[in-house]
Amino acid sequence: QTLPPANIENDMKRCRWVSHAVMHGDGRPYPVMLVTLDGEELLPWARAQGLPEDLPTLARHGAVRALLEEHLAAVNARYAGAAQVKKLAILGHDLSPQTGELTATLKVRRNVINDRYRDFFDALYADG
């Protein structure tokens, strides 16, 4: 099933902790999403929480995952079951034009993301 990802991605990016959100799921059993963290928002929050001020560490932290999953649940509530994102992967760095992941106008290069982060996506499906 083919899903138009832009709406859900944009809704996820409205979360103050998220800089980019890329949905993945064509030809897969359900949609999943790769998100990057907004350091300008997250690092001051992390400092206030007494957490490490380091995006790669925060990307693996349970408190950060809980924040993002709470926002994802609110986003999912607006969509039909088949369009809902079932799992999240959190990257420890942002996407950038320098790495070819974004265009010069900061649009996501979906084919590059799908290719480069294939292992992240596969892992989301491997867990069932």
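Ser96 counts as buried, at 15% relative accessibility (buried is under 20% relative accessible area, exposed over 50%, partly exposed in between, with a 1.4 Å probe and protein chains only). Ser96 lies in the loop between S3 and H5, where helices (H or I, at least four residues) and strands (E, at least two) are DSSP runs numbered from the N terminus. Leaving aside neighbours within four places in sequence, Ser96 is in contact with Glu101 and Leu102, a contact being heavy atoms within 4.5 Å.

A word on the model itself. It is predicted: local features need pLDDT of at least 70, side-chain atom pairs count only at pLDDT 80 or more, and totals for chains, interfaces and linings use all residues. Residues are numbered from 1 along each chain as its sequence is written, and side-chain values use heavy atoms, with hydrogens and water left out.

Stay with the loop for a moment and look at Leu106, which is placed between strand S3 (87-91) and helix H5 (110-116). Its phi is positive, about 70 degrees, although Leu106 is not a glycine. With a relative accessibility of 53%, Leu106 counts as exposed.

Now to the sheet. Three strands form an open sheet with mixed pairing, in the order S1-S2-S3; two strands pair if DSSP finds at least two bridges between them. S1 and S3 stand at the edges with a single partner strand each, so one side of each has no neighbour in the sheet. From one strand to the next, the twist averages 25 degrees (axes are lines fitted to C-alpha atoms, for helices over the stretch in contact, and angles run from 0 to 180 degrees between N-to-C directions). S1 and S2 run antiparallel and are joined by six bridges, and Val22 stands opposite Leu34 in S2.

Two helices meet this sheet. H1 lies across S1, S2 and S3, and runs at about 155 degrees to S1. H4 packs on the sheet too, touching S1, S2 and S3, and its direction makes about 135 degrees with that of S3.

Which residues of H1 are buried? They are Ile8, Glu9, Asp11 and Met12. These residues cover an arc of only 160 degrees around the axis, which puts them on the same side of H1; the arc is that of the directions from the helix axis to the C-beta atoms. The buried residues of H1 pack against S1, S2, H4, S3 and H5.

Finally, find His24 in strand S1. His24 is buried, with a relative accessible area of 12%. Not counting residues up to four places away in sequence, His24 touches Tyr30, Pro31, Val32, Asn114, Phe121 and Tyr125. The side chains of His24 and Asn114 are joined by a polar contact of 3.0 Å (a pair of N or O atoms within 3.5 Å; within protein, one must be able to donate a hydrogen and the other to accept it, and residues adjacent in sequence count only if both atoms are side-chain atoms).
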